[in-house]
Amino acid sequence: MREVDFDVTLPEHWGEGLVAFPAGEQVHVEVRFESVHEGILASGTADSRYIGECGRCLREIEASVEVEFQELFAYPGDEANDFEVQDDHVDLETLVRDALVLSLPFQPVCRPDCPGLDTITGERLADLPDAEPRQNPDSRWAALAGFTPESAAGADDSAPTPQT
């Protein structure tokens, strides 16, 4: 068994969507290699920092993420494996990249209660003093705008009419 602790600088951008790990970002990896009958078991953690935009208000965000991984790197043989030992070495790049990228939030937000953008002006609602979204009623529902529960007074549709 061997334990290794190292930092790697990302040569390229990892991830797609609203948040990603930029090229040049540092990834800290702590891994333990264990020799098992079928190959080498790699277990460890990787942590880094992602940057991007809030999915609601488009404010720039950045946060740290730490992931755990474990994979068996099989010795070359008759069976095809996703991860194999090659020339007494293992390549952790694909394993670490997949673990980190899959841990990125699908709908990232700058804070859990981010109100987003105003639908009319596009301003960030968190910056507005009243912080209430302006109503933009759908024109297809305009005919119902004048309807109120008071206008239907005396008509109770929920009670059945008694029959004699």
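What share of the 164 residues of the protein chain counts as buried? The share is 28%, where buried means under 20% relative accessible area, exposed over 50% and partly exposed in between, with a 1.4 Å probe and protein chains only.

This is a predicted model, so local features need pLDDT of at least 70 and side-chain atom pairs count only at pLDDT 80 or more, while totals for chains, interfaces and linings use all residues. Residues are numbered from 1 along each chain as its sequence is written, and side-chain values use heavy atoms, with hydrogens and water left out.

**View 1. Asp7 sits in strand 1.** Leave aside the neighbours within four places in sequence, and Asp7 is in contact with Gln26, Val27 and His28; contact means heavy atoms within 4.5 Å. Asp7 and Gln26 are 19 residues apart along the chain, yet their C-alpha atoms are separated by 6.4 Å. Is Asp7 buried or exposed? Asp7 is exposed, with a relative accessible area of 51%.

**View 2. Here is the largest pocket, with about 230 Å³ of space.** A pocket is found on a 1 Å grid over the protein atoms alone: it is an open set of points where a 1.4 Å probe fits, with protein on both sides within 12 Å along at least five of seven lines, and lining residues have an atom within 4 Å of a point. Grid points are joined across faces, edges and corners, and the volume is the space filled by probe spheres set on them. Strand 1 (2-9) and strand 3 (26-36) each bring at least two residues to the lining, and strand 3 gives the most, with three. Among the lining residues are Met1, Phe33, Ile40 and His89.

**View 3. Leu58 turns up in the loop between strand 4 (39-53) and strand 5 (60-74).** Leu58 isn't a glycine, but it has a positive phi of about 65°. With a relative accessible area of 47%, Leu58 is partly exposed.

Definitions and conventions:
Helix = DSSP H or I, 4+ residues; strand = E, 2+ residues; numbered from the N terminus.
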